[in-house]
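Please open the model in your viewer and keep the selection tool at hand. The tour below moves from one selection to the next and says what is there.

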Amino acid sequence: MMSLLGELNRTDLAPLGREMHRFAAELFPICRSITGKGIRETLGRIQSKIPLQTLEVPSGTQVFDWTVPKEWNIHDAYIADPSGKRVVDFQKSNLHVLNYSVPVNERMPLSNLKGHLHTIPEHPDWIPYRTSYYKEDWGFCLSHHQMTRLEDGEYTVCIDSTLREGHLTYGECYLAGRSSEEILISSHACHPSLANDNLSGLAVATFLARHLAGRDLRYSYRFLFLPGTIGAITWLSRNREAVGRIRNGLVLTCIGDAGGFHYKKSRRGNGEIDRAAAHVLRHCGEPAEVLEFSPYGYDERQYCSPGFNLPVGCLMRSVWGTFPEYHTSADNLDFIRPLSLANSLRVCTAILDVLENNRCYRNERPYCEPQLGRRGLYETTGGEVGGEEIMARLWVLNLSDGQHTLLDIAEQSGIVFSRIWAAADLLCRKGLLSVASDEQVKSTV
Ligand code: ZN
């Protein structure tokens with residue numbers, strides 16, 4: 001028996017959080033998209049931290065009802081005013097260009113240009129993030145203030161981009177465990193300079209993989225770093241036979257801001273991951289809410305499509321679309337917090353700890369209570385929380401009939417899983433408890 005969490009609970013999370021934030025800052029300036037050099041460079045930097053395999057799928061490949069698009073790359077883009085001065089400049093923020101804009105090099109009056117400009121009047125200092133992946137278009141995004149300062153006249157618009165046959169790129173990090181059954185961790189890696197929506201998920205997933213790498217694990221772990229939607233669809237279409245091995249999974253996104261946690265249940269609603277996440281959040285010491293499944297959101301939409309119906313939920317802090325900074329330049333490196341990132345990593349690890357250690361046990365002395373005092377089990381090891389420590393032992397002994405998992409016992413007793421697990425571990429060492437087979441766990445979850 002082992003705990004993935006123990007070490008993180010003993011570590012000072014502040015320096016770890018700063019390291020995670022530095023990693024997000026390193027990725028921040030890269031102009032990512034669903035294909036192209038930006039996502040390749042991002043995967044390359046993730047590869048410097050964890051063993052990551054990158055895969056390339058040619059444009060035009062049919063993936064279920066979708067087609068892998070042409071590859072988009074961008075070198076420069078600007079709007080120059082009648083005097084030739086750059087008034088909107090891609091070099092200052094990659095959000096300024098409608099992501100996937102086709103190349104353009106034209107002069108036009110402001111009145112024509114305005115049809116290609118995107119702003120957020122309610123937040124006049126912020127630049128919106130807009131995309132046009134599946135419809136060929138071009139455009140610029142700028143702050144509303146910037147737009148209102150533009151005077152009438154002839155403007156030069158230049159987007160030096162390419163949209164050609166190429167590849168879709170994604171990354172896979174596989175950590176082999178004792179079982180070939182897998183836990184899937186998926187993050188989208190296609191957003192450009194946006195911190196919470198994208199980089200926080202990449203940072204938490206990368207550091208989670210680093211934390212697990214080299215450990216003796218019960219399950220095998222597959223970390224996916226994909227372009228949103230089309231990446232998950234592509235992966236599922238190329239890995240149909242592997243899907244049967246996925247025992248549980250999490251999509252990680254918007255997980256670095258100061259907000260409380262939100263866990264969106266899988267389509268199944270009562271999978272082991274749904275129960276483990278809800279349990280950990282109930283005890284995590286931060287505000288947390290569990291949300292029902294809906295067919296909108298991130299890549300859980302694909303994993304939970306009816307043909308797959310995988311037990312994959314989505315862990316967030318603030319929910320996408322509900323915070324004003326979402327998909328704007330205000331989702332920047334100040335919007336994500338080092339401690340939020342580190343605590344998100346801790347919560348993810350706690351959820352995996354439940355999955356790794358959730359088993360059925362059998363009470364070796366089920367006829368009446370065994371005499372705990374004689375074995376030193378009626379005393380506490382810690383002191384102040386002793387009542388609960390002893391209650392955990394009593395709950396584990398009572399419900400260990402080969403039918404209840406430790407998570408069942410944690411839920412029924414209201415005691416945190418890590419304490420239930422510690423009680424089971426101690427009772428095993430005292431000869432009062434033994435592990436029922438993992439096969440029996442399957443029948444109860
Ligand atoms: Zn997004």
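Predicted model: local features only at pLDDT ≥ 70, side-chain atom pairs only at ≥ 80, totals over all residues.

Residues are numbered from 1 along each chain as its sequence is written, and side-chain values use heavy atoms, with hydrogens and water left out.

**Largest pocket**

Begin by selecting H191, T229, G297, R301 and H327, which are the closest to the centre of the largest pocket among the 21 residues that line it. A pocket here is an open set of points on a 1 Å grid over the protein atoms alone, where a 1.4 Å probe fits, with protein on both sides within 12 Å along at least five of seven lines; lining residues have an atom within 4 Å of a point. The space in this pocket comes to about 480 Å³, a volume being the space filled by probe spheres set on the points, which are joined across faces, edges and corners. Its lining has 10 nonpolar, 7 polar and 4 charged residues, where Ala, Val, Leu, Ile, Met, Phe, Trp, Tyr, Cys and Pro count as nonpolar, Asp, Glu, Lys and Arg as charged, and the others, Gly among them, as polar. Next, colour domain 1 (6–68 + 167–357) and domain 2 (71–164): the largest pocket lies between them, because both give residues to its lining. The domain bounds come from an automatic or database domain assignment.

**Second largest pocket**

Now select L5, N9, A350, V416 and S418, the closest to the centre of the second largest pocket out of its 19 lining residues. The volume of this pocket is about 380 Å³, and its lining divides into 8 nonpolar, 7 polar and 4 charged residues. Show α1 (6–10), α8 (272–282), α10 (338–357) and α13 (417–429), each of which supplies at least two lining residues; α10 gives the most, with 5. Helices are DSSP runs (H or I, at least four residues), as are strands (E, at least two), numbered from the N terminus. Since domain 1 and domain 3 (360–444) both contribute to the lining, the second largest pocket lies between them.

**Two backbone angles**

Most residues other than glycine have a negative phi. Select F64, in the loop between β2 (62–63) and β3 (66–67), where phi is positive, near 50°. Then go to N198 in helix α6 (residues 195–212), whose phi is also positive, at about 130°. Is N198 buried or exposed? With a relative accessible area of 1%, N198 is buried, whereas F64, at 36%, counts as partly exposed (buried means under 20%, exposed over 50%, partly exposed in between, with a 1.4 Å probe and protein chains only).
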